[in-house]
Amino acid sequence: MTLSSQASNAIIYVTYGLTLIFCVGLAWYHNDKSKFLSSNQTKTGIPLALNFIASAMGCGILTTYTQVANLAGIHGLMTYTIVGALPIFFFSFWGPLIRRKCPEGFVLTEWTFQRFGSVTGYYLSLATILTMFLFMVAELSAIKFAVEALTGLDGLPVVIVECIVTTIYTSIGGFQVSFSTDNYQACVVLVLAVIGVIGFALNVNIDPELKRETESYLLGANKLGWQLLYILFIAIATCDCFISGFWLRTFAAKTNKDLMIGTGIASIVAMTICTLVGLPGIFGVWTGDVVIGSPEGYLSFFIMVSTMGNWMIGLILIFSIVLSTCTFDSLQSGLTSTIVNDFGRGRMPLWAARVITILVMVPSIVVAVKVADDVLKIYFIADLISSSVIPSLFIGLSTRFYFWTGWEVVGGGFAGLFFVWVFGTVYYGDAAEGGKLLLIWNGIYDSEDWGPFGAFVVAPGVSLVGGLIICGVRLAVLKVYSNIKGTPFTALDRPEKLGFGGVAIGDSSDIEEVYEETLNESQSKKSTDYVKEEDNFRA
């Protein structure tokens, strides 16, 4: 059962049309130039939760989670959903640390500029821009694929229309409109998800015989599931740090408590939704639509939806469009804020930011249509880059490592990637295959191929070890140089303040201080509420 081309086009373009009208209206209403790039310390817990939900998923979840479930069963699916959602909550841990050190910033790169200097700042900025560009390409590729799978229509016009719609309202209102629209779009997504789950459950016909034959594998533990537990955790936890949309929302939190509430709710909701959309990878086997490890396993969700009523197909089509739009505009505004902040350094006019918002769409469309045919492969390229960069970078968050410099960060990152190639060359016995491992060319789903697992061990491990070696060499060279010149050796002198927001060096750890701040915020709020209740009682 399929929708007619007329009905499909009507649903698609009416949905985009209504989205455009609504979002442009919000953009004009919230057209505050001072909040085009950021909106620091203004948002409370529930709006933050809705925004993190909207930013954390995207249309790609309809294929990626079903593919993992079809290959690794419930073990692989739950691994993916848990380690995919947990890093959202980590922003309630890293966020307050970085907000204290760089209160006037709004993206991770700004703290990097202040802490490590311009070279390291631009290094991280380029890695961040590349990652978000890849995610934008992946999202456009995902909505193109979803439309083609659900309707049989050419997905290219849909990709172009989505870029035009999001570009119009994002270029008008920037981050502020992205935040506001995500609140409403996330509510729509949640409502459609509930209706879709009910409709899906009422239309699935499981074959008991097929279930008995396959449930031991699909419902049990397996080697691939254990491999994915490590690979996906490292990949997603580090890659999320490159998504500027998450940092914009982190800095937008009014208090640390609001941030914790927002990320906590978002993690649970995202995990639930991703689990539900991944289950067709298992149910498709039990209905006879696909087999375990099928090349079409990633299509399980769409294959099953196509056997249901037209209303269900139309619902999922709207769900896909709204989900993709709210994720894409978050990436779009995040990329624009990063470029303007890092390369404008406070001197770029607003009109230039709007032009950048428009220009980044052209290469995104071209790459999504011409090159991107595997959404997961795109994600893993970005993941490997982040897993080699973030570990050595985050060492600098600790005041105990005040002597850690950009040499260690940049050198450790490149060392991590280089030794992935070395590992791949040795493991596969071929330099070309080692190069392919840098691109995760063969995927991560062959449990007999330990190459990807090794890559995600080598990248962060060498990043840290390489950084430590570089640090030791640098300090030794500076010591020898100071002895030769007869000058004081100052490389290990503890500065009164670090260059990332004026945070004093103390004996207590940053983590303990942030925890105390969060507790104080909570106690302060309780005290205020108590005073209000007392005043009301007396009145």
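The chain has 20 helices and zero strands, where helices (H or I, at least four residues) and strands (E, at least two) are DSSP runs numbered from the N terminus. This is a predicted model, in which local features need pLDDT of at least 70, side-chain atom pairs count only at pLDDT 80 or more, and totals for chains, interfaces and linings use all residues. Residues are numbered from 1 along each chain as its sequence is written, and side-chain values use heavy atoms, with hydrogens and water left out.

Q: What percentage of the 539 residues of the chain count as buried?
A: Let's start with the word itself: buried means under 20% relative accessible area, exposed means over 50%, and partly exposed lies in between (1.4 Å probe, protein chains only). Among the 539 residues of the chain, the buried share is 55%.

Q: What share of the contacts with a separation of 6 or more joins residues 24 or more positions apart?
A: A contact means heavy atoms within 4.5 Å. Counting the contacts in the chain with a separation of 6 or more, the share from residues 24 or more positions apart is 85%.

Q: Are helix 6 and helix 14 roughly parallel or roughly antiparallel to each other?
A: Two packed helices are described by the angle between their axes and the distance between the axes. Here, axes are lines fitted to C-alpha atoms, for helices over the stretch in contact, and angles run from 0 to 180 degrees between N-to-C directions. Helix 6 (residues 156-203) and helix 14 (residues 350-359) pack at about 165 degrees, with axes 9 Å apart. Angles under 35 degrees count as roughly parallel, over 145 as roughly antiparallel, 65 to 115 as roughly perpendicular and the rest as oblique, and helix 6 and helix 14 are therefore roughly antiparallel.

Q: Which residues of helix 14 meet helix 6?
A: On the helix 6 side, the residues are Thr167, Thr170, Ser171 and Ile172. By class, this contact of helix 6 with helix 14 has two nonpolar, four polar and one charged residues (Ala, Val, Leu, Ile, Met, Phe, Trp, Tyr, Cys and Pro count as nonpolar, Asp, Glu, Lys and Arg as charged, and the others, Gly among them, as polar).

Q: How is helix 6 placed relative to helix 9: what is the rough description?
A: Helix 6 and helix 9 (residues 244-252) pack at an angle of about 85 degrees, and their axes are 12 Å apart. That angle makes the pair roughly perpendicular.

Q: Which residues of helix 9 meet helix 6?
A: From helix 6, Phe175, Ser178, Phe179 and Asp182 take part. The contact of helix 6 with helix 9 divides into four nonpolar, one polar and two charged residues. Helix 9 brings Leu248, Arg249 and Ala252.

Q: Which residue's side chain is joined to that of Arg99 by a polar contact of 3.0 Å?
A: Arg99 sits in helix 3 (residues 61-101) and is buried, with a relative accessible area of 10%. Its side chain reaches the backbone oxygen of Phe251 at 3.5 Å. A polar contact is a pair of N or O atoms within 3.5 Å; within protein, one must be able to donate a hydrogen and the other to accept it, and residues adjacent in sequence count only if both atoms are side-chain atoms. The side-chain partner of Arg99 at 3.0 Å is Asn256.

Q: How far apart in space are Met57 and Glu139, C-alpha to C-alpha?
A: Met57 lies in the loop between helix 2 (45-56) and helix 3, and is buried at 8% relative accessible area. Glu139 is one of the residues that Met57 touches. The two are 82 residues apart in sequence, while their C-alpha distance is 9.7 Å.

Notes. Lists of a residue's contacts leave out its neighbours within four places in sequence.
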